[in-house]
Amino acid sequence: MWHCTESDVALSTNGIEVTEIVTDALMCGGSIAWLAAAADWSAADSLSSTPEKRPSYASLLNFVHSTCSIKDINHTLCYESLAPHAILIKGSPRRVAQVALSITKSEARSARDDILGKIRAKRASETLGKRENVALGDCHELMSDLCNSLKPTAKELAIANTGNQTKFLEHIGNVQTWLSAAITDPDTCLDGLDGETKVEMEERVSKVTQLTTVALALVNKFGEGVQKKLSIKDHQLYNYYNNLP
């Protein structure tokens, strides 16, 4: 008899990963099946037993569009970031939150590396002034801290779905805390910059901040939805073969 212990399974499409926590043989089998299916639409489409139950691509995009209508976020950035991954999201409030986390982490890492590259290039060309050097160094440090804050979020969100309601609140609360910390004054490093460098850094820092805000909003929405639907303390919060809430 095949036995699968608890482990992480990363589902990936278009470079975006969604982490599942596998707790038994049945779920592990399902995760592996979805891992194979998530790469393209035709494979994902085969997950439904009848054509009538298969969601259309348009309906998956509509879900993303509706999800991105949350208040106090950049709706255009939200939709343009998530729409290419509509198949992987598959109409799931949890998956859309996890994809948003993955996108945010990727953008933060890219911004961090670009800032470091700019520092090295300016030093090599001897065009890096003292004030700018300090400011870019601060920006790099802030982006590094943000990356560290974002790193455990996807796995923590996946873990939230393997326990009871009390554990769910604990894990989702951790994710919310880390995301909130990640969007606290990230643009303070811009104060010492001028000209073209400041414009470039403003664009990068602003995009990361806005994506983090989107991810936090989607995590909040998922958490609120689960709590509304599942009020029994010891009830299993996530059925692998069904999307909740």
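A residue is called buried under 20% relative accessible area, exposed over 50%, and partly exposed in between (1.4 Å probe, protein chains only). Welcome to a predicted model, where local features need pLDDT of at least 70, side-chain atom pairs count only at pLDDT 80 or more, and totals for chains, interfaces and linings use all residues. Residues are numbered from 1 along each chain as its sequence is written, and side-chain values use heavy atoms, leaving out hydrogens and water.

**Salt bridges**
- The whole structure holds eight salt bridges, each a side-chain nitrogen of Lys or Arg within 4 Å of a carboxyl oxygen of Asp or Glu.
- Arg-131 and Asp-194 are both exposed, and their closest N and O atoms are 3.0 Å apart in a salt bridge.
- Arg-131 sits in helix α7 (residues 130-150) and Asp-194 in the loop between α9 (165-182) and α10, so this pair ties together parts 63 residues apart in sequence.
- Helices here are DSSP runs (H or I, at least four residues), numbered from the N terminus.
- Within helix α9, Lys-167 and Glu-170 are three residues apart, about one turn, and form a salt bridge at 3.9 Å, N to O.
- Lys-167 is partly exposed at 43% relative accessible area, and Glu-170 is partly exposed at 42%.

**Helix α6**
- Helix α6 (residues 93-124) has 32 residues and reaches 47 Å from its first C-alpha to its last.
- Just after α6, Glu-126 has a positive phi of about 55 degrees.

How values were computed
Helices (H or I, at least four residues) and strands (E, at least two) are DSSP runs, numbered from the N terminus. The expected span of a helix is 1.5 Å times one less than its number of residues.
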